[in-house]
Amino acid sequence: MTRHNPTEAEFKVMYDRHFDAVARYCLRRLPEPAAQDAVSEVFLAAWRRFDSMPSGDEGLPWLYAVARNVVRNANRSQRRSLRLFAKVKRQPSYPEPSPELQIVRNEQDSELVAALGSLKPDDQEVLRLRAYEGLTLKQISLAIGCSEEAAKKRVARALERLRKAAAINQPVPSGITPRAAQQGGEQ
């Protein structure tokens, strides 16, 4: 038998009658904080679907069915969280650089930014598209309106001009810092 939208009194009678049973059901399957949330979700669903909830003795099994789905969702969410936590934990962690190394890097960064600013605007643009925006040579060619080969040459020439402006003799591969900087300037 289906019913109309619940009044507070009708819902309270159903809630008082079945709360303990639903709470025990959830507590046997979930840790206490998650179980409390699950019980709240079950009765929220009951409120929303009160008109389709069976009355009398059939109401509790209906609530158990809702609780079963809520518990399964909570368990699935917990498993996803644990997998994500494990995945994050496997990610490499990098120690904070020493204050000395930070000073050296900041000074190098300032010098490089100043050198970049001394270049012609077209050179600055292709380098920024490559380094800041992470564009490929093909994407750079589309952005500046030239062929891919021309973009490759422009980037190479702009890098060479930047090296000269920054007084960098040899390009250092990314991720490698000079030994003296790694040890705070000591050799």
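Leaving aside neighbours within four places in sequence, Val22 is in contact (heavy atoms within 4.5 Å) with Val39, Val42, Phe43, Leu60 and Leu63. The model is a predicted one, in which local features need pLDDT of at least 70 and side-chain atom pairs count only at pLDDT 80 or more, while totals for chains, interfaces and linings use all residues. Residues are numbered from 1 along each chain as its sequence is written, and side-chain values use heavy atoms, with hydrogens and water left out.

Val22 also belongs to the largest nonpolar core, which has 24 residues; Met14, Val22, Cys26 and Leu63 touch the most other members. Such a core is a set of buried Ala, Val, Leu, Ile, Met, Phe, Trp, Tyr and Cys residues joined through side-chain atoms within 4.5 Å, where buried means under 20% relative accessible area with a 1.4 Å probe, protein chains only. Two or more residues come from each of α1 (8-27), α2 (32-48) and α3 (59-90); helices here are DSSP runs of H or I with at least four residues, numbered from the N terminus. Apart from this core lies another, of twelve residues, including Leu116, Leu119, Leu127 and Ile140.

Leu127 is also one of the buried residues of α5 (residues 121-131), together with Asp123, Gln124, Val126 and Leu129. Their cover includes α4 (99-117), α6 (137-144) and α7 (148-165).

The axes of α6 and α7, lines fitted to C-alpha atoms over the stretch in contact, come within 8 Å and cross at roughly 100 degrees. The two helices are therefore roughly perpendicular (65 to 115 degrees). Here Leu137, Lys138, Ile140, Ser141 and Ile144 of α6 meet Glu148, Ala151, Lys152, Arg154 and Val155 of α7.

Definitions and conventions:
Buried means under 20% relative accessible area, exposed over 50%, partly exposed in between (1.4 Å probe, protein chains only). Axes are lines fitted to C-alpha atoms, for helices over the stretch in contact, and angles run from 0 to 180 degrees between N-to-C directions. Angles under 35 degrees count as roughly parallel, over 145 as roughly antiparallel, 65 to 115 as roughly perpendicular and the rest as oblique.
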